[in-house]
Structures are given as structure tokens and as C-alpha cells.
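These are notes for a colleague who is opening this structure for the first time. Please read them with the sequence and the model side by side.

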Amino acid sequence: PRWLLKQEVPKIVKSINRQLREKSLKTKVGAFSVLKELVVVLPDCLADHIGTLIPGIEKALNDKSSTSNLKIEALIFTRLVLASHSPSVFHPYIKDLSSPVLSAVGERYYKVTAEALRVCGELVRVVRPNLEGFGFDFKPYVHPIYNAIMSRLTNQDQDQEVKECAITCMGLVISTFGDNLGTELHACLPVLVDRMGNEITRLTTVKAFAVIAASPLRIDLSCVLEHVIAELTGFLRKANRALRQATLGTLNSLIVAYGDKIGPSAYEVIIVELSTLISDSDLHMTALALELCCTLMADKRSSQNVGSAVRNRVLPQALTLIKSSLLQGQALLALQNFFAGLVYSENTSFDALLESLLSSAKPSPQSGGVAKQALYSIAQCVAVLCLAAGDQKCSSTVKMLTDILKDDGTTNSHLALLCLGEIGRRKDLSSHAHIETIIIESFQSPFEEIKSAASYALGNIAVGNLSKYLPFILDQIDNQQKKQYLLLHSLKEVIVRQSVDKAEFQDSSVEKILKLLFNHCESEEEGVRNVVAECLGKIALIEPVKLIPALKLRTTSPAAFTRATVVIAVKYSIVERPEKIDEIIYPEIASFLMLIKDQDRHVRRAAVLALSTFAHNKPNLIKGLLPELLPLLYDQTTVKKELIRTVDLGPFKHIVDDGLELRKAAFECVDTLLDSCLDQVNPSSFIVPYLKSGLDDHYDVKMPCHLILSKLADKCPSAVLPVLDSLVDPLQKTINFKPKQDAVKQEVDRNEDMIRSALRAIASLNRISGGDSSMKLKNLMSEISKSPTLWDKYYSIRN
């Protein structure tokens, strides 16, 4: 444990110092390796021991008998310890530490030199941790560090790694000590510009200029600025993706810091180049390009020509991008900021932009209808645009959208509802009388997408004014039975948004919501129960202290649907990121997961799904319970005869297997456990009979079983090899299965997928056996090789 290791640090350091005094170079290298690992595992653990370690570092770097390996290990440790500790810890020892490091910069072996330059970068940060420089006089070290790095920067005949380290380090020196470098700046900046022209070093130099531009010292770059901007603009046309990304970031920093020294003509050229980078083929690049465009528009010195260039070049690309179903994340946020920036810069009228955005949602003869995701993107951009334009424009837009709903045009209504929801989430719309009633009327639409959009809109408008609209939604849920499912989705939107924004409800609101949700736990409609469970799970993220005891209490409810709903609610409350619910739910997990042995199959399936979610997102919370849970989980993978029933349909009888979904969920849970908790699983007890049975089950069960078998063959071959023969028969049966002649295309395609899945498992088995340990597998491979169709599939999978 780390706390125990931390107690032993003084003893470890004492022992290491003894090793560093040994004559054996190999022992010294080992000692520095141990120190490296210690700093990585326990950052800031050596703060009280730096003084005792400095002599060992000095000796390793200065001693003529030291090997390159020893120097490299000493330098790497020095870099790590400088990076992981407070600068003030090193201030008493800077003189002793800097001298051997700067000497190492002049070493002949390039790996030592490169590592010494990296240490210099950390040394710069330590010597002047802030601009004020209080508490330490850094000035005596500025020129020695600068001179050591400059000697390497100007040397052409050296390894590329050294060149890149020298450029990076010089960027740090200029950004940190620039106010103490007079004539030296005029000497080193042109050298950096020269390195920017070299294909090998230009990427590193571009990043170095980004560091310089971000410096609060506002370094005087007048001697090279014009040349740098011209070079960077040219780089936007290069094929190297990393170079274009770095260039966009550097241009952004330079324009923010030195926009007053850059001419409008340079802006226009940059905008022309930016427009070619905006597409859904590279969303990260698109986000960077749009951010730079926003920076250009935000500059009050931008001329009318710049605004014209943005309208003519970038806006058409943005309007094409917004219709992409791939648009999401940072790129979508950057696009929203772009439209807001157009309004703020007053280069484009609000009305024209709004019309362009709304027109984007109309289907075109060339591409057909707009994707559902694109409508959400357009709605978000409309909302941001309205807020940027001010209250008057926002109110007129909301009125226009509500008028569209009253006219009841299908496509327009869908977008209008989404826009109202996005605006309402960001701004209180209570001044617009009866807007909630107008939206709820769309629940009567014959089109599912409009009803869903209305539910989304009502929930998001409530976020803008909880005190007014939340009671309305709760009242409607109680009184409108036919609209209950859609209204619960509206409530879910409110709760999810509150959990994302880390906002808390009023206590009275929480009580009302919980009372309503718990009343609907026993609903006959599975869709309603699922929405209720998701709402409860998301509230648990906001109010875990209230919710976990309330959910636990209902695990003993006599109603099976209630027990299933609260377990699914726990599933929705477990997310990948750390949350305050984790420590509250940890002691209570068994109460929920042990329902895997409940009498009702719905409850058992809910417990299996919850276990799968825990295993995927928070495996450490359940590892202690697995010895007890695994046998119960394995039991859910077997066919239960009592869950199979025959339905008499008159002319023929149909067999229904109510346990199929449970078995599928159980095998998928095992698959997840093999990824996250393999050390807790005993594969030998699972393969026979459970996995073997699954390989001969229904299509939906076979697919996860094939995947499990492939993983076990890769991760636990010793457990698979002894029972290999027994696994071959069901696989052989699967690949030889032929659909009926009158089978529909869906059945044929599904069978083809199953054969490929089985062949993938066979390929994994063949790898571990080498084809020799199982006669049955050998015969099966022979059969596959004789069938051209099977062999082609197997060959493509194997390779």
C-alpha cells in the first residue's frame, strides 16, 4: 500500500545513498532506477531528502568513470524529481544541481545530451516558477542556461533528438526569461525561424513558438513575427496532420497575444486556408480551425474584408458541417461559438444567419432528408445564436417557433420543438405565456419523432425555470395517463441535465419527484419502468445520501417490478468517472446484486445487468463479492425448462423461451468480467458445463459465447486446452448449419454473422493448440479447408 511505502521512504533513501557511494556502476544505475520508480509512484515523497541525494547526482554526472547509462539514469531521475516536487524545495541546491546538468548538455553522446536538455527545461520552471520571482534570485542562472542551450541550438551537425530538445528548451527559456534577454533574443529568434523552415524540425519549432506566444511576458517578436505568420499559414496546406494541428494552436496564441502587430491582409489569407480544414472528415481539426476563426473575428481590429472572407469562405463550410450526423463534442461546441462570434462581430446579420440555419434542416433533392443528430446540432446553434443576439431577437425567435407549432407543419414542427428546448434550457421562457401548453399539444401528433421532440422540449424548458415548469410536469404525469411515458421522458431530461450540471433540486422538489417515481415502479409498461429507473439512477448521482437507503428499502418489496426497477436504477447511477455516490453505495452493493437469486426472472436479469455495469465502470467495488456472485451468475446461463412455454396460435404452435434474454445478459456479463476482473474468475469451473451449453444455444446466446471462448483462448489457454474436444462439436454444428430455402434475407445474414463468429473462435483455438492437441479440431480444420466458402471466411478472419 502507498501509505506503508511512504513510511519507508527515509529508510529507502538512506539505503540508496549507500548504494550511490559504491564503486560498482551497475549498482548505481540500479539505485537511480529505484528512485525513478519511487518518484513515479509517490510524487513529492522526496521533499525532505533532496539535499542528501544531490551529491549522488553530482558524482554520477561529473565522475569521469561514469558510463553513459549511469548519466542517463541520473538525468531521468533528476527530471522526474524536478517535475514532481515544489520548486522551492530545490532553491537551496540550484547552484550544485545546475552546474553538472549544464555540463552534461555538452556531452558527446546524443542520448545524454538530449536528456540533459530535458532536465534544463524542468530547471527553467524551477528557477523561475512565477513572474514575480519572489523568494529566489533567478538572474545569475539565466545566461548560463541560455548559453548552454544556444550552443546546441546553433549546432547543425547533431542528432535529430538533440535538435528537437534544444528547440523545445529554448522556447521555454524565451517564454520564462525573455525580459532578461536583451540582444540574445535577436540572436536566437532568427535561429528558431530557420529551424521552422527545416522539414525535420518544423513541428517542434511550431510548438516552441506556441509556448513563447502564451508567455505572460509578451516577448518582443517584431523581428520575426511577419515571417513566422507567413510560414505558419503555409503549413495549413501541408499533408502532415500533426503539423496542421500544432499550427492552428500556435496561430491562435500568436493572434491573441500579437494581433495588434499582424495586418488584416494576413488574417484574410489565414481565413482562406482555414475554410479548407472545416469538414466532418476530421472533427478535431475542424474544432481547432473554428476556434481560430472565432479568435480572428473577436479581434476588434479586424477589417470589413476579414468579415467578408468569413462570410464567403467559412460560413458555407459551417452550414455544410452542421448537417453532418457525425458532428459532436468539441467540434459542435466550436461551431456554436462560431455562430455566436458572427453575431458579436456584427459582420453578418442575425436574421440572415437564423434563416440559413433553419434552411439547413430542409431536405434537399441531392442528399434527401437531414439526419436526426443534425437537427439537434442545428437546434443548439440556433439557441446559441439567439442568446448572442440579445433578449429582443431571442423573444421574436421564440414567438416565431411557437407560431410554427400552431400551424402544425411536420418537418418544421420537429425542428421548432428542438430549438425551443435548447433555448429554454439556456434562458427562462416563462415570459412567453402558455408555452408549455403549446408544446404539450404536440404529444397528440401522429409522428413519433415529433412526440419525442416535444417531450425533449418540455423537459429542457423546465430546466430554465424549475420552480414554474417542474410542478406542471409532475402534475401532468399524475393526471394524463395516456401521455405518461412522454411526460416521464420530459422529467428525465430535467434530472439528467441537473446531474450533468452538478446542480441540486430543492428538498421539496426531490420529495415530490421521488414519490411520483416510486408510485410508477410497478407500471405494467416496461418502457415506463425503464424511464423511472433511469430517473431514479440520475437523482441518486445528485442526492446519493437520500436515494441509496430508499432504493435499498424497496429491494424487499413484495412487487417484483419494484425490485427490478430499483436494481436498474442502481445500474444507471454507476458511471465511469468518480462520484460521491461510490463510497455511499459500496457497503450496500450486496443488497442489490444478491437479487440475482430472486424468484422473478425480471429481477434476476436486472441484477445481472447491474453487475455487468459495475464490472465495466467500477470493478473494484464488486471484487470482494464475486466469489459469492459468480456461481449464481453461472446458474443464469443455463436453460430453464420452467421458462419455456408453448403458445397455441391455432394452425400451429409457437415455443417461447422467456429465459433467453436472461441467458444472453448473463453471458455478456461474464464477457465483461473477463476484461475487468479476470483475476477473480476461475475459467475451468465455467467452461464446462456453462460455456459448452451456451455454444449450443440460441443465436443470441451463441454470439457472446464465441467471443468469451476467443478471450479465454487468448488469456487462459491452460484452462481451455484440457476440454478442447468437447468445445469443437457445437462449433462444427454452427458452421455447418444451413438456413431453410424459404428463409428471408435477414435470417440468411444473421446465419452468416454467426458462422463468422464461430470461425473467429475456431481461429483462436487453433492458435493455442497448434492444430495438434485435439484430433477433433484437426478434423474440423480439414473440413474447413475443403470448403472454399468457409476457408475464404476463415482465412480473412485469421489474417
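1. Helices (H or I, at least four residues) and strands (E, at least two) are DSSP runs, numbered from the N terminus. Helix α8 covers residues 110–127, and its end C-alpha atoms are 25 Å apart, which agrees with the 26 Å that its 18 residues should span at 1.5 Å a residue; the expected span is 1.5 Å times one less than the number of residues.

2. A word on the basis of these notes: this is a predicted model, in which local features need pLDDT of at least 70 and side-chain atom pairs count only at pLDDT 80 or more, while totals for chains, interfaces and linings use all residues. Residues are numbered from 1 along each chain as its sequence is written, and side-chain values use heavy atoms, with hydrogens and water left out.

3. As for the overall picture, the secondary structure of the protein chain comes to 42 helices and two strands, and its C-alpha atoms fill a box of roughly 95 × 75 × 60 Å along the principal axes. Of the 799 residues of the chain, 53% count as buried. Among the contacts (heavy atoms within 4.5 Å) with a separation of 6 or more, 72% join residues 24 or more positions apart.

4. The largest nonpolar core has 281 residues, of which Leu-46, Phe-338, Phe-339 and Leu-491 touch the most other members; such a core is a set of buried Ala, Val, Leu, Ile, Met, Phe, Trp, Tyr and Cys residues joined through side-chain atoms within 4.5 Å. Leaving aside residues up to four places away in sequence, Phe-338 touches several residues, including Leu-290, Met-297, Val-310 and Leu-315.

5. The structure holds 12 aromatic pairs.

6. Trp-791 and Tyr-795 both lie in helix α42 (residues 788–798), four residues apart, or about one turn of the helix. Trp-791 is partly exposed at 28% relative accessible area, and Tyr-795 is partly exposed too, at 41%. Elsewhere, ring pairs link Tyr-634, Phe-667, Phe-686 and Tyr-690 into a cluster.

7. Which strands pair, and in which sense? Strand β1 (residues 644–648) and strand β2 (residues 653–657) pair in the antiparallel sense over five bridges, where pairing requires that DSSP find at least two bridges between the strands. Ile-644 stands opposite Asp-657 in β2, and in the hairpin, which has four residues between the strands, Gly-650 takes a positive phi near 90 degrees.

8. Helix α33 is mostly covered, with 12 of its 17 residues buried, among them Val-603, Arg-604 and Ala-607. The elements that cover its buried residues include α30 (560–573), α32 and α35 (660–676). Leu-595 lies in the loop between α32 (589–593) and α33 (601–617) and is buried, with a relative accessible area of 11%. Not counting residues up to four places away in sequence, Leu-595 touches Thr-555, Arg-563, Val-567, Val-603, Arg-604 and Ala-607.

How values were computed:
Buried < 20%, exposed > 50% of the residue type's maximum accessible area, 1.4 Å probe, protein only. Phe/Tyr/Trp six-rings, centres within 6.5 Å; stacked < 30°, edge-to-face > 60°.
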